[in-house]
Amino acid sequence: MPDTCSACERSETATDALSDRGVRLTEVRRDVLQTLHHAEKPVGAYELFDQLKEAGKASAPPAVYRVLDFLVEQGLAHKLQSLSAYTACKSAPHPHEAFFLICRECGHVSETTAPASMIETARNGGFTPEHLVVEAIGLCESCQETAHV
């Protein structure tokens, strides 16, 4: 039996999580999710549509947008507002507060959990956050080293 790539394993874990929740993963949802997991960097919706179309798996751009909204709602993907792009969730197959470090030079994106202090600050101010995504744009360690050469 051939080895499964890590992107395929993440897609399978996400599929299992949806199944456990009683949520149906249609073929187009599976295709979009797998494409996001295999992407090297965040992907715009139309770029994603083009990739699916090239693979013979796309229906229409509005369908791709609906699937992306579904995946974000289910905690399987994130929308990066500053890039107008989507990325598969790297942490876990559930909704959570995310913190992204986005390198403006090479485009590398790292995902971690948003600091609890941000959520507490909101709550202490009488605000109940329902969804929190923080994006920090700067230079990754590798690009910083290259810039100093």
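Mentor: Start with Ser 84, which sits in the loop between strand 1 (77–80) and strand 2 (85–88); strands here are DSSP E runs of at least two residues and helices H or I runs of at least four, numbered from the N terminus. This is a predicted model, with pLDDT of at least 70 needed for local features and 80 or more for side-chain atom pairs, while totals for chains, interfaces and linings use all residues. Residues are numbered from 1 along each chain as its sequence is written, and side-chain values use heavy atoms, without hydrogens and water.

Trainee: Is Ser 84 buried or exposed?
Mentor: Ser 84 is exposed, at 52% relative accessible area (buried is under 20%, exposed over 50%, partly exposed in between, with a 1.4 Å probe and protein chains only). Its phi is near 50°, a positive value in a residue other than glycine.

Trainee: Switching to rings: how many aromatic pairs?
Mentor: One aromatic pair, where Phe, Tyr or Trp (six-membered ring) centres must lie within 6.5 Å, with planes under 30 degrees apart called stacked, over 60 edge-to-face and the rest tilted. Tyr 46 and Tyr 65 have ring centres 6.0 Å apart and planes at 75°, so they are edge-to-face.

Trainee: Where in the chain are those two?
Mentor: Tyr 46 is in helix 3 (residues 45–54) and Tyr 65 in helix 4 (residues 61–73), 19 residues apart, so the pair links distant parts of the chain. Tyr 65 is partly exposed, at 34%.

Trainee: And what lies over the face of Phe 70?
Mentor: Arg 29, at 3.6 Å from the ring centre; the rule wants NZ of Lys or CZ of Arg within 6 Å of the centre and within 35 degrees of the ring normal.
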